[in-house]
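Dear colleague,

Please find below the sequence and structure that I am handing over to you. My findings follow directly after.

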2 protein chains.
Amino acid sequence: MSKINRQWRLAARPEGLIRESDFEWREEVIPSPSEGQVLIRNIYLSIDPTYRIWMNEEESYMPPVQIGEIMRGGVVGIIEESRHSDFEAGDIVQGLLGWQDYAIDDGTGIVKLLKDVSIPMTHYLGIFGGNGLAAYFGLMDIGQPKEGETLVVSAAAGGVGSLVGQIGKIKGCRVVGIAGSDDKCDWITNELGFDAAINYKTESVSQSLSRHCPDGIDIYFDNVGGEILETVLDQINLHARIVLCGMISQYNASEPVPGPRNFVNVLYKRARIEGFIVLDYLDRVMEAMTDLGTWLFEGRLQYKVDIVDGLKNAPHAVNMLFDGSNRGKLVVKLSEEPSF
Amino acid sequence: MSKINRQWRLAARPEGLIRESDFEWREEVIPSPSEGQVLIRNIYLSIDPTYRIWMNEEESYMPPVQIGEIMRGGVVGIIEESRHSDFEAGDIVQGLLGWQDYAIDDGTGIVKLLKDVSIPMTHYLGIFGGNGLAAYFGLMDIGQPKEGETLVVSAAAGGVGSLVGQIGKIKGCRVVGIAGSDDKCDWITNELGFDAAINYKTESVSQSLSRHCPDGIDIYFDNVGGEILETVLDQINLHARIVLCGMISQYNASEPVPGPRNFVNVLYKRARIEGFIVLDYLDRVMEAMTDLGTWLFEGRLQYKVDIVDGLKNAPHAVNMLFDGSNRGKLVVKLSEEPSF
């Protein structure tokens, strides 16, 4: 593990896709905790589409990362030194600890995790982290799936989408996933049990949706926005629910992107479009964890983690989300896991 | 009253604003009811923006009116002759009886109205008709107003908007209306009690909204769609509710209109956009009527009806909705009211 604290700091507001020059690589002395603080060694850094939003100057749902600041990011790490009465060395914690090897925290920015060897540490950044919460509450609370309904999910092979589709199946829906490669389509139908998959890069999404959703679309779990949202809106049923979880197709846009041209269909179909952010559900985490944990250990949910090695590769890893080259939940490994 | 049955039939699909040549004027013999039917003399024809939708070829929330058919429209009339056991001559009824002097019905397309001289007959096409239901359920069910919240309503001097704002005040909201003339703005603030009004033809809607909604916008009751929707979306609060009741700005468009360019704000603000149609609430009519009736007779609601004389003027009357020259709920008077 690193003897210095290597960091990626934000150096410039990106235009379009992130470039490495949008970050500054900094190497600092590992900080020492003061009284009431802990020193954390970061082990895994979550890689999420929302990072691209945080790099913009505009206020979104959280303040932007300022130029010169350590890039914000979700991390699982281990406490190396504690001067805080609630924590001790060896505790595994999670928090927005940033793109760096080590972090200092006063206990308010971290939560302690179970040391359960049956749970891979990366799961706390995925199925038991933001991805799981987003999939669970987005689908259950906003999508409100009913047995026999048709659910369409975009970015269906991603960390959120792959869970949404599987939960939809558990709830008795017909599930159609949209993804960006034949490999991904094969995976979600053959391994995850989706009823059908559409490769949006090689198929007409509109025609394939008509074919795979003969009874129309009741729920659309949208991770991408843009053209696919518009295409889906053409085929929604009365009282359809559109769950806005992300709009990854638009995060790199430098100009505002027009909304769907068939927006009037929301009126005609008396549909509901609702945005949500997992932060809104933090007080209900246990609800989700109970169901997700049960389904996972019963073998009814599969969850794939794609691990990129080394902090140096973090900027590149974010772009993998946008070019679709990741397979499942993407994390960057910063240092070795402890053995218990 | 007419000795013949004069009718407007749909002759062509309009492009843009309606022209009289989109209709054919027909004069027919007054029909005779068969066994199980009634003959109705139409008295008032409701004029609604949705007529423009029904004239298009595309399926919306109801089938389009076919070329050659009598134009569809909501009517209050009086039964002149009954061969149906549930109705007798002199009964006042309401139904989609069309743009004509007389209609035949088998009882399934009409409902009998109270003969209460304290209720103007036109109210059944307005505050006790679709307008009242739309305002009541759209605001209460979808908008879910809470005391102290800020409600913005467009087409605020119209049949629906003027009620929405007043119900919003009854529910303790700060209410800001958007309308198309200084006269209308004066009316809704001075007479109806709106807190502020914005003339979208002479003011910057964005700047005026900022000024009149210092705490942001919690509910937007949208009757117009288009640019004003986009402007409002820029200023919504977390968990805002956008009630899509109509999109009058787009009904005359010949090309699909792009949705709001700041659509991503629905995600950032975890907002909800929901379309609805009063038809969905027919089984809950009494809920609305009870509250609306109480408020009306307590003097807490005002409702203005703008009466255009003569069936001949019906096509022109529809365009008055789009150029904004109506004042309140618009109806066309087809024949004389009976005296009770």
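Please note that this is a predicted model. I begin with a helix of chain B: α2(B), residues 130-143, lies across β11 (217-222), β12 (236-244) and β13 (272-275) of chain B, and runs at about 145° to β12(B). Helix α5(B), residues 205-212, lies across β8, β9 and β10 of chain B, where its direction is at about 170° to β10(B).

These strands belong to an open sheet of twelve strands with mixed pairing, ordered β10(A)-β9(A)-β8(A)-β11(A)-β12(A)-β13(A)-β13(B)-β12(B)-β11(B)-β8(B)-β9(B)-β10(B). The edges are formed by β10 (196-199) of chain A and β10 (196-199) of chain B; each has a single partner strand, so one side of each is left without a neighbour in the sheet. From one strand to the next, the twist averages 15°.

Within chain B, β8 (residues 150-154) and β9 (residues 174-179) pair in the parallel sense over five bridges. Leu151(B) has Val175(B) in β9(B) as its bridge partner.

In chain A, the axes of helix α2 (residues 130-143) and helix α8 (residues 285-297) come within 10 Å and cross at roughly 95°. Because angles of 65 to 115 degrees count as roughly perpendicular, α2(A) is roughly perpendicular to α8(A). On the α2(A) side, the contact involves Gly132(A), Leu133(A), Tyr136(A) and Phe137(A), which meet Val285(A), Ala288(A), Asp291(A) and Leu292(A) of α8(A). By class, six nonpolar, one polar and one charged residues make up this contact.

With kind regards

Conventions:
Residues numbered from 1 in each chain as written. Chains lettered and ligands numbered in written order. Predicted model: local features only at pLDDT ≥ 70, side-chain atom pairs only at ≥ 80, totals over all residues. Pairing = 2+ DSSP bridges. Helix = DSSP H or I, 4+ residues; strand = E, 2+ residues; numbered from the N terminus. Axes fitted to C-alpha atoms, helices over the stretch in contact; angles between N-to-C directions. Contact = placed C-beta atoms within 7 Å. Parallel < 35°, antiparallel > 145°, perpendicular 65-115°, else oblique. Nonpolar A, V, L, I, M, F, W, Y, C, P; charged D, E, K, R; others polar.
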